[in-house]
2 protein chains.
Amino acid sequence: MSKRPLILVTNDDGITAPGIRNLIQVMNTIGDVVVVAPDSPQSGMGHAITIDSTLHLERLTIDDGPQIEYSCSGTPADCVKIAVNEILDRKPDLCVSGINHGSNSSINVIYSGTMSAAIEAGVEGIPAIGFSLLDYSWGANFEATKTYVSTITKQVLKNGLATGVILNVNFPNLNSEEIKGIKICRQAKANWKEKFDKRTNPMGREYYWLSGNFVNLDGGEDTDEWALENGYVSLVPVQFDLTAHHCIQTLNTWDLNE
Amino acid sequence: MSKRPLILVTNDDGITAPGIRNLIQVMNTIGDVVVVAPDSPQSGMGHAITIDSTLHLERLTIDDGPQIEYSCSGTPADCVKIAVNEILDRKPDLCVSGINHGSNSSINVIYSGTMSAAIEAGVEGIPAIGFSLLDYSWGANFEATKTYVSTITKQVLKNGLATGVILNVNFPNLNSEEIKGIKICRQAKANWKEKFDKRTNPMGREYYWLSGNFVNLDGGEDTDEWALENGYVSLVPVQFDLTAHHCIQTLNTWDLNE
């Protein structure tokens, strides 16, 4: 019997993305790896699941290595659900998602397919980590992330994670020598200021492209945004109990049942 | 100048769903209503946003009433973004989403298009409420929900909501006489035990349908599940700061930067 941990790897950029290929390489040095990832890009899918359509799985080989791989036609959250319930013989010891091409810090966590896959694993009771690099390009350089991915993964396997907690790790787009280390952070209170680019198609019909600027008005030095701007890897513990417990007392004073 | 509040109404079941038609009726008695809702059902879309495709808006009239209505080709979160940034002249005083055909209690909040629309409004700094009825059918009866929807909406307009807090309201599928009142709750620690129904298509290719059973192992009497099972309307304050603040101290003891 192997004593190596069983590691489920997924992402939201699709199974052929350089980010997940790099993540698989690191995970192969740590455990037995099964990859179940979307067959096409799923960025911005949030925690979408496929309930009105069918799902397809395909066993495939993308590059060399001991990992077992499947592509799935669904969302990142679907990939985790089908991996755990249909593909794997036992619950994995860890689920890692990414490495995302682009930031999932601050409010981006709620739009992120990468983090929704990790959160879905957390819901299923599996320790989970989402990794993201602050470079949206397909040709992003993941070299500097590798030792940090390895360190964080080994610490999670050694220490475990509290029930209902998932790690959201973001890497600044810097060389190894420039990265100052890992900082435990809270999610910055920042958000997108949307702009819609309105155009007219050749048939005369108007349409819109969503775009926008990221605005951070949170001056805290304990935030993920601060860490990333100052050369650190940010690590935010994330939970899926969304209850705003601090509001319950106030709400109980409202006139709701007169 | 009108002193009536400006209310943005949206949902995830699509602009023609009986749930949103009932919600519009109630909101017309409280304020000036603008509806921006998906042109087709978007259940299970989580917090998906449309970043790789275009969006269409269409001004339309579905039934009588003073409300102004637009259908949008995007997700529930897209509807809120485009309403706030393209359609409305000023920030609405309130955003209400629903009434969803089906439960968004407990863990369902993270998969819910209804709640993601409300949460998106919260991110934009707008007080917001998501309403859901525990009846998935298109022919669900929303009559008993109306006085509660009105009461909760008026209390939110009167008292305001703390920054970053959104209300998640679920109605049991009961008659008015059977409903015992409103209970402020926390999100129950429950989840889905998935089952994949594996089939073979006429061309011999295998495919899957996602299904499953909802399992609640949380015995607390302060949860939304307990309230709903015991005849109450559940009201959970929800936040989009996902930071698991209680874990930060422990994580700072890990060997991450040796």
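This is a predicted model: local features need pLDDT of at least 70, side-chain atom pairs count only at pLDDT 80 or more; totals for chains, interfaces and linings use all residues.
On one side, H2(A) brings Pro76(A), Ala77(A), Cys79(A), Val80(A) and Lys81(A). Facing them from H3(A) are Gly113(A), Thr114(A), Ser116(A), Ala117(A), Glu120(A) and Ala121(A). Sort the residues of this contact by class and you get 6 nonpolar, 3 polar and 2 charged.

How do you describe a pair like this? Two packed helices are described by the angle between their axes and the distance between the axes. Here are the values, with the residue range of each helix:

| Item | Value |
|---|---|
| Helix H2 of chain A | residues 76–87 |
| Helix H3 of chain A | residues 113–123 |
| Angle between H2(A) and H3(A) | about 30° |
| Distance between the axes of H2(A) and H3(A) | 7 Å |

Angles under 35 degrees count as roughly parallel, so H2(A) and H3(A) are roughly parallel to each other. Their crossing is right-handed.

Is Phe171(A) buried or exposed? Phe171(A) has 27 other C-beta atoms within 10 Å, so it is buried. Leaving out residues up to four places away in sequence, Phe171(A) touches Ser132(A), Leu133(A), Leu134(A), Thr145(A), Tyr148(A) and Val233(A).

Next, look at a pair of strands in chain A. E9(A) and E10(A) run antiparallel and are joined by 11 bridges. One of the pairings links Lys195(A) to Ser211(A), its bridge partner in E10(A). Between the two strands of this hairpin there are 5 residues, and Gly204(A) takes a positive phi near 90° in the hairpin.

Over in chain B, helix H1 covers residues 18–28. Which of its residues are buried? They are Gly19(B), Ile20(B), Asn22(B), Leu23(B), Ile24(B), Val26(B) and Met27(B). The cover over them includes strands E1 (6–10), E2 (32–38), E5 (94–101) and E6 (128–133), along with helix H4 (146–159), of chain B.

Finally, the two chains touch each other. The contact takes 61 residues from chain A and 61 residues from chain B. Among the elements that give two or more residues to chain A's side are H2 and H3, the helices we began with, as well as strands E9 (190–200) and E10 (206–216). By class, that side has 34 nonpolar, 20 polar and 7 charged residues.

Conventions. Residues are numbered from 1 along each chain as its sequence is written. Chains are lettered from A and ligands numbered from 1 in the order in which they are written. A residue is buried if 20 or more other C-beta atoms lie within 10 Å of its own, exposed if 12 or fewer, and partly exposed in between; C-beta atoms are placed from the backbone. Two residues are in contact if their C-beta atoms, placed from the backbone, lie within 7 Å. Axes are lines fitted to C-alpha atoms, for helices over the stretch in contact, and angles run from 0 to 180 degrees between N-to-C directions. Helices (H or I, at least four residues) and strands (E, at least two) are DSSP runs, numbered from the N terminus. Angles under 35 degrees count as roughly parallel, over 145 as roughly antiparallel, 65 to 115 as roughly perpendicular and the rest as oblique. A crossing is left-handed if the near helix is turned anticlockwise from the far one by less than a right angle, and right-handed if clockwise. Ala, Val, Leu, Ile, Met, Phe, Trp, Tyr, Cys and Pro count as nonpolar, Asp, Glu, Lys and Arg as charged, and the others, Gly among them, as polar. Two strands pair if DSSP finds at least two bridges between them.
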